[in-house]
Amino acid sequence: MSTLIDIRELRFAYPGNQAALSGISLNVQRGESVAIVGANGSGKSTLARILGGLERPTAAARALVCGADLTTLEGRLSARREAGILFQDPENQFVGADVEEDLAFGPENLGWPAERIRERVEELICAFRLEDLREREPHMLSGGQKQRVALAGVLAVPRTLLVLDEPTSMLDAAGKHDVLAAVRRLHAEGLTVILVTQEMEEAAIAARVIALDAGTVAFDGPAATLFTDQEALARLSLGLPLPAAVAAEVERRGRRLGTLPLDLEGLVTALREVVS
Amino acid sequence: MTGLGMVCEHLSFAYQAGEQRVLALRDISLSLAPGSSTALLGPAGSGKSTLLLILRGLLDPDEGEVRLGGVGMADRGYAEAQRSVGLVFQQAERQLFAATCEEDVAFGPRQLGWPPQQVQEAVAEAMERVGLSPALFARRHPYALSGGEQRRLALAGVLAMRPRALLLDEPFVGLDPAARRDLSAILRGLATSGETVVLATHEVDRAWELCEQRVVLAGGGLAASGAWDFAAGGVELLESHGLQVPTLVELWRRLGRPLAHPPRTATAAAEALA
């Protein structure tokens, strides 16, 4: 594995404001899937924007994303090519009059020949199941459909890193499921994924969780470790996924369940063994 | 506070999008009893927000009738009845505008022409109800508050007008887990204090925890209203519209337990299991 994100002591402040990030250090290897959690205002979205090359760090001992130095303009431009970023509300991300045109925008900007753009758009339409939407206006789609089109648009050009900033928070259950399934598939295909989320159920799925607190890294490790640390969860304004909360309450009542189950599947299995 | 009963009869509404008319609600009839708490569920685009806007009087239905506390749209006193319906919009904190918290919360009551003393009392009471003690927060700038506090302040601005029915559109979106717990506790208090509460949300676990009954919209039509009824088709109903079944109900189903009264909270589930 090679290092994709290598950040040391990174600081960032929006002009005229207090520091949003005050000394972040983190390392992400190619192919990893990392969830970033933390209270409102802890710096999650700012970090996502920096990783996507959209903001210039105020200071950093090292700020490398896909080998590019984020403290230089060339580095940020390079990071913007390597890293795709998807926001909570994709509305502002659409440029095309219909879905096909929107998907063609990235490749067009890279100066691809028309034939190759056409092929790429077809691939995306197939991969993201957009067949029925190809001539629809992006703004008129449902929330889940919009987010799928935006994700396809971000990935229209080759990417090394995918940064998602609360991509499911405005979606219904079906929309959430669609977007998360697409992200899981992309990760399985080798894409490195950074997922900013307020949903503890989503964080629990990631192999590694980073928790921010007032612009610093307060936790960096496996989800299972974070979710067994009640004191840290309270301090960081986090919580347990609902199945884990049930398990914790059952244990508090003297029934040992073993390893804390983080999802419903795990909880059902653990309970079947101890509850008659 | 006496809750306001709300009745819809054969409501239909279409938005005008360029040349096209897009049907948002189709023949909706339902009755929300005074003091009831109702989750308004449905896939994105099913008409939830439109229904809230009509109940608040910000949109007029193309067809059908709304009755608030027995007063119909054509009756005298309907405007008065509408003023007792409060609506908390999605991301309501975006509407904060005053230089201090108390000024922001006071805006609504002042618009109603209440005397200063009554405004002051209503502001203090509303801030207390959302857990923002006036002693600590009255003079603070709304933008200096955390995201969760801002959302609660916006809720206080609606509560200060002493609504008899409170409509909330996706109040949990974007909040961190601690802020969601705080807001849940406040909404639980409201649901038991007499106001009629309607909660439109995608978060089925929260809806099941907080609301005694549910209305399900699908494609602008009414798919179901009334009790959750998990023992008699309620699970299948949610699934058939692509909605999530509450985690604790799904847990009970997977454990083969009866679905007549599944637990609404993790604590209640643990008590039943341990």
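How much of chain A is made up of buried residues? Buried residues account for 46% of the 276 residues in chain A. A residue is buried if 20 or more other C-beta atoms, placed from the backbone, lie within 10 Å of its own, exposed if 12 or fewer do, and partly exposed in between.

## Basis of the model

This is a predicted model, in which local features need pLDDT of at least 70 and side-chain atom pairs count only at pLDDT 80 or more, while totals for chains, interfaces and linings use all residues. Residues are numbered from 1 along each chain as its sequence is written, and chains are lettered from A and ligands numbered from 1 in the order in which they are written.

## Chain A

Chain A has 11 helices and 10 strands; helices (H or I, at least four residues) and strands (E, at least two) are DSSP runs numbered from the N terminus. Its radius of gyration is 20 Å, close to the 19 Å from the globule rule for 276 residues, so chain A is as compact as a globular protein of that length. The radius is taken over C-alpha atoms, and the rule is 2.2 Å times the number of residues to the power 0.38. Along the principal axes, the C-alpha atoms of chain A fill a box of roughly 65 × 45 × 35 Å. Of the contacts in chain A between residues at least 6 apart in sequence, 61% join residues at least 24 apart; a contact means C-beta atoms, placed from the backbone, within 7 Å.

Helix 1 of chain A (residues 44–51) is mostly covered, with six of its eight residues buried. The buried residues are Lys44(A), Thr46(A), Leu47(A), Ala48(A), Ile50(A) and Leu51(A). Gly53(A), with a positive phi near 75°, follows this helix.

## Chain B

Chain B also has 11 helices and 10 strands. A compact globule of 274 residues would have a radius of gyration near 19 Å, and the 19 Å of chain B agrees with that. The C-alpha trace of chain B spans about 55 × 50 × 35 Å along its principal axes. Buried residues make up 49% of the 274 residues of chain B. Among contacts in chain B with a separation of 6 or more, residues 24 or more positions apart account for 68%.

Leu68(B) belongs to strand 4 (residues 63–68) of chain B. This residue counts as buried because it has 25 C-beta neighbours inside 10 Å. Leaving out residues up to four places away in sequence, Leu68(B) touches Leu4(B), Met6(B), Tyr78(B), Ala81(B), Gln82(B) and Val85(B). Pro34(B), 34 residues away from Leu68(B) in sequence, is 9.8 Å away in space, C-alpha to C-alpha.

## The six-stranded sheet of chain B

Six strands of chain B form an open sheet in the order 6-7-8-3-9-10, with mixed pairing; two strands pair if DSSP finds at least two bridges between them. Strand 6 (85–88) and strand 10 (221–227) are the edges, each pairing on one side only. On average, neighbouring strands of this sheet are turned by 15° against each other, direction ignored. Helix 1 (residues 48–56) of chain B packs on the sheet, touching strand 3, strand 6, strand 7 (165–169), strand 8 (196–200) and strand 9, and its direction makes about 150° with that of strand 7. Axes here are lines fitted to C-alpha atoms, for helices over the stretch in contact, and angles run from 0 to 180 degrees between N-to-C directions.

Strand 3 (residues 37–41) and strand 9 (residues 213–218) of chain B run parallel and are joined by four bridges. Ala39(B) has Arg214(B) in strand 9 as its bridge partner. Strand 6 and strand 7 of chain B also run parallel, with four bridges, and Val88(B) stands opposite Leu168(B) in strand 7. From strand 6, Val85(B) and Leu87(B) point one way and Gly86(B) and Val88(B) the other, and all are buried. Helix 6 of chain B lies across strand 6 and strand 7, at about 165° to strand 6.

## Contact between the chains

The contact takes 32 residues from chain A and 30 residues from chain B. On the chain B side, helix 6 (147–159), helix 7 (177–191), helix 10 (247–254) and helix 11 (266–273) each supply at least two residues. Helix 11 gives the most, with five residues. This side of chain B divides into 15 nonpolar, 10 polar and five charged residues; Ala, Val, Leu, Ile, Met, Phe, Trp, Tyr, Cys and Pro count as nonpolar, Asp, Glu, Lys and Arg as charged, and the others, Gly among them, as polar.

Val246(A) is in contact with Leu267(A), Leu251(B), Ala266(B), Ala269(B) and Ala270(B), leaving aside its neighbours within four places in sequence. In the largest nonpolar core, of 166 residues, Val246(A) is one of the residues touching the most other members, along with Ile36(A), Ala156(B), Leu167(B) and Leu199(B). Such a core is a set of buried Ala, Val, Leu, Ile, Met, Phe, Trp, Tyr and Cys residues joined through C-beta atoms within 7 Å.

Note on methods
Contact = placed C-beta atoms within 7 Å.
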